[in-house]
Amino acid sequence: MIRVSIVGRGRVGGAFAANLHRHSHFEVAPPIGRDAEIRNIAAGADMVLLAVTDASVAPVAAAIATNDDALFVHFAGSLTLAALAPHQRRASLHPLTPMPGDPETAARRLRGAWMAVAGDPGVATLADALEARTFAVDEAQRVRYHAAATIAASHVAGLMGQVERNAKRVGVPLAAYLDLARSTLANVEALGASAALTGPIARADWDTIRGHLAALAPEDHAAYLALAAEAARLAGAKLPKDL
């Protein structure tokens with residue numbers, strides 16, 4: 001029996017607890033908040049999971065009395081194992097999947113997700129319970145790895161918010177644009193990003209781009225131009241200076 005203590009009652013802590021409860025070889029205590037009495041939470045535990053914000057990992061870890069037999073795990077994509085000092089057995093498991101506020105959906109998202117693993121090999125037991133697809137990230141590259149994850153998730157959501165605003169203004173269902181986005185991602189997966197690039201930037205049709213900027217609200221220009229520059233980079237080109 002693997003005895004698990006969890007600090008963090010938010011979506012991550014709840015999702016891990018819900019999934020581990022499905023396995024008879026885990027004994028999971030109810031998650032507690034980081035403001036609770038956590039000093040002795042590692043006593044008698046085989047795993048201590050720190051499901052707290054990135055900024056809270058180090059102070060929470062430092063507030064817990066050491067137990068050299070317990071494996072301490074954080075889920076922060078940008079942090080190295082140093083954040084878990086002073087504990088001897090350290091590991092990280094970062095789910096590369098969006099975690100929505102709905103507990104059931106969050107728990108389901110974890111199962112079978114890609115996850116970055118580092119540290120003590122005992123973390124594999126946790127990953128296996130979630131049927132995770134795992135990969136390693138060099139500790140020196142954690143911040144760059146997490147930056148790419150933020151681009152793939154938060155930035156994409158922000159981008160689709162811009163699409164949603166403009167779709168509403170012209171009376172086109174958002175679903176039509178979502179299908180376009182899904183097809184583009186499928187092409188990226190099949191062909192790579194460069195080969196998947198289509199549209200006016202792939203054709204160096206700068207007059208069409210000028211027309212887009214004229215039609216879009218000024219507050220949409222910065223994001224449009226930043227992403228147009230990235231698309232031009234894929235095409236081996238640069239945006240004209242007069243855009």
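**Reading the strands, the helix and the loops**

Mentor: Strand 4 (residues 71-74) pairs with strand 5 in the parallel sense over 4 bridges; helices (H or I, at least four residues) and strands (E, at least two) are DSSP runs numbered from the N terminus, and two strands pair if DSSP finds at least two bridges between them. This is a predicted model, in which local features need pLDDT of at least 70 and side-chain atom pairs count only at pLDDT 80 or more, while totals for chains, interfaces and linings use all residues. Residues are numbered from 1 along each chain as its sequence is written, and side-chain values use heavy atoms, with hydrogens and water left out.

Trainee: Which residue stands opposite Arg90 in strand 5?

Mentor: That residue is Phe72. Strand 5 is also joined to strand 6 (residues 114-119), in the antiparallel sense and by 5 bridges, with Ala91 opposite Gly119 of strand 6. On the side of strand 3, strand 4 again pairs in the parallel sense over 4 bridges, and His74 in strand 4 is the bridge partner of Leu50.

Trainee: Are the residues that point to either side of strand 4 buried or exposed?

Mentor: Buried means under 20% relative accessible area, exposed over 50% and partly exposed in between, with a 1.4 Å probe and protein chains only. In strand 4, Leu71 and Val73 point one way, Phe72 and His74 point the other way, and all are buried. Strand 5 (residues 89-95) is mostly covered as well, since 5 of its 7 residues are buried.

Trainee: How should I read a helix, and which residues of helix 1 are buried?

Mentor: An α-helix has 3.6 residues a turn, so residues three or four places apart point the same way. In helix 1 (residues 11-20), the buried residues are Gly13, Ala15, Phe16, Ala17, Asn19 and Leu20. Contact means heavy atoms within 4.5 Å, and the cover over these buried residues includes strand 1 (2-7), strand 2 (26-28), strand 3 (47-50), strand 5, helix 3 (103-110) and helix 4 (123-129).

Trainee: What should I look for in the backbone of the loops?

Mentor: Look at omega and phi. The peptide bond from Ala85 to Pro86 is cis, with omega near 10 degrees, and Pro86 lies in the loop between strand 4 and strand 5. Glu131, although not a glycine, has a positive phi of about 55 degrees; Glu131 sits in the loop between helix 4 and strand 7 (133-136) and counts as exposed at 61% relative accessibility. Ala204, also a residue other than glycine, has a positive phi near 55 degrees and is found in the loop between helix 7 (193-196) and helix 8 (206-215), where Ala204 counts as partly exposed at 41% relative accessibility.

Trainee: How many helices and strands does the protein chain have, and how is its overall form judged?

Mentor: The protein chain has 9 helices and 7 strands. Its radius of gyration is 22 Å, well over the 18 Å that the globule rule gives for 243 residues, so the chain is more spread out than a compact globule; the radius is taken over C-alpha atoms, and the rule is 2.2 Å times the number of residues to the power 0.38. Along the principal axes, the C-alpha atoms fill a box of roughly 70 × 35 × 35 Å, and 37% of the 243 residues count as buried.
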